[in-house]
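Biologist: Can you walk me through this one? I would like to start with the strands and then move on to the rest.

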Amino acid sequence: MPNTHSQVLFLCTGNYYRSRFAEYLFNHHAPGYALPWRAFSRGLAIELLKDDAGPISPHTRHGLALREIPIEPVRTPLALTEQDLTTAHRIIALKQTEHQPLLHSRFPAWVDRVEYWQVDDIEDAHPSEALPQIEAAVLALLRRLGKQ
């Protein structure tokens, strides 16, 4: 990741669905806001992913395709490290009740430095509901960053 940009880190459990969608969406739209920001994403518990899950959620692929946002090349999910946290200028976890306990157990010093959104995972919200919610939050974030 280039050092010339400020970085926003999106967190979810598996770095497979929600955080990846937010990352690609942010990076696609940031140039239109003339912002020197880039997003990256990580998972708090990627070990919970099924072994045959693949590199990215089909729901994320579909949501990005509908928005004509390219995603190639696709990487596999990445686990959060302390270095990721120190690199980021802003950290956003996609669901407070899900991710705050994981942060508390794995990176307790960072719990209060994270902005928490309220986007449910696939078990609790269909992608047709969750992805537009992420999109609205990302676009609102870009507008806020543009006013700074």
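Modeller: A definition comes before the sheet: two strands pair if DSSP finds at least two bridges between them. Keep in mind that this is a predicted model.

Biologist: What is the order of the strands in the open sheet?

Modeller: The order is E2-E1-E3-E4, so four strands in an open sheet with parallel pairing, where a pair is defined by its bridges.

Biologist: Which strands are at the edge?

Modeller: E2 and E4 are the edge strands, and each of them pairs on one side only. E4 covers residues 115-116.

Biologist: What holds strands of a sheet together in general?

Modeller: Strands of a sheet pair through backbone hydrogen bonds, either parallel or antiparallel.

Biologist: How many bridges are there between E1 and E2?

Modeller: E1 and E2 have seven bridges and pair in the parallel sense. Val8 has Ala39 in E2 as its bridge partner, and Phe10 stands opposite Ser41 in E2.

Biologist: And how many bridges join E1 to E3?

Modeller: Four bridges join E1 to E3, which is made of residues 90-93, and the two run parallel. Leu9 stands opposite Ile91 in E3.

Biologist: That leaves E3 and E4. How many bridges do they have?

Modeller: E3 and E4 pair over two bridges, in the parallel sense. Ile92 stands opposite Glu115 in E4.

Biologist: Is E1 mostly covered or mostly open?

Modeller: E1 is mostly covered, with six of its seven residues buried.

Biologist: New topic. Which residues touch the most other members in the largest nonpolar core?

Modeller: They are Val8, Phe10, Phe26, Trp117, Ile134, Val138 and Leu141, in a core of 29 residues. The elements giving two or more residues to this core are E1 (6-12), H1, E2 (37-43) and H5 (127-146).

Biologist: Which element gives the most to this core?

Modeller: H5 does, with seven residues.

Biologist: Take Ile134. What is it in contact with, leaving aside neighbours within four places in sequence?

Modeller: Ile134 is in contact with Arg18, Phe21, Ala22, Leu25, Leu94, Trp117 and Val119.

Biologist: What about the second core, how many residues does it have?

Modeller: The second core is separate and has 17 residues, including Phe40, Leu102, Leu103 and Trp110.

Biologist: You listed Ile69. Where is it found?

Modeller: Ile69 is found in the loop between H2 (58-66) and H3 (82-87).

Biologist: Is Ile69 buried or exposed, and why?

Modeller: Ile69 counts as buried because its relative accessibility is 6%, and buried means under 20%.

Biologist: What is Ile69 in contact with, again leaving aside neighbours within four places?

Modeller: Ile69 is in contact with Tyr24, Leu25, His28 and Leu64. The C-alpha atoms of Ile69 and His28 are separated by 6.8 Å, although these residues are 41 residues apart along the chain.

Biologist: What joins Glu72 and Pro73?

Modeller: A cis peptide bond joins Glu72 and Pro73, with omega at about -5°. Pro73 is also in the loop between H2 and H3.

How values were computed: Residues numbered from 1 in each chain as written. Predicted model: local features only at pLDDT ≥ 70, side-chain atom pairs only at ≥ 80, totals over all residues. Heavy atoms only, no water. Core = buried A, V, L, I, M, F, W, Y, C linked by side-chain atoms within 4.5 Å. Buried < 20%, exposed > 50% of the residue type's maximum accessible area, 1.4 Å probe, protein only. Contact = heavy atoms within 4.5 Å.
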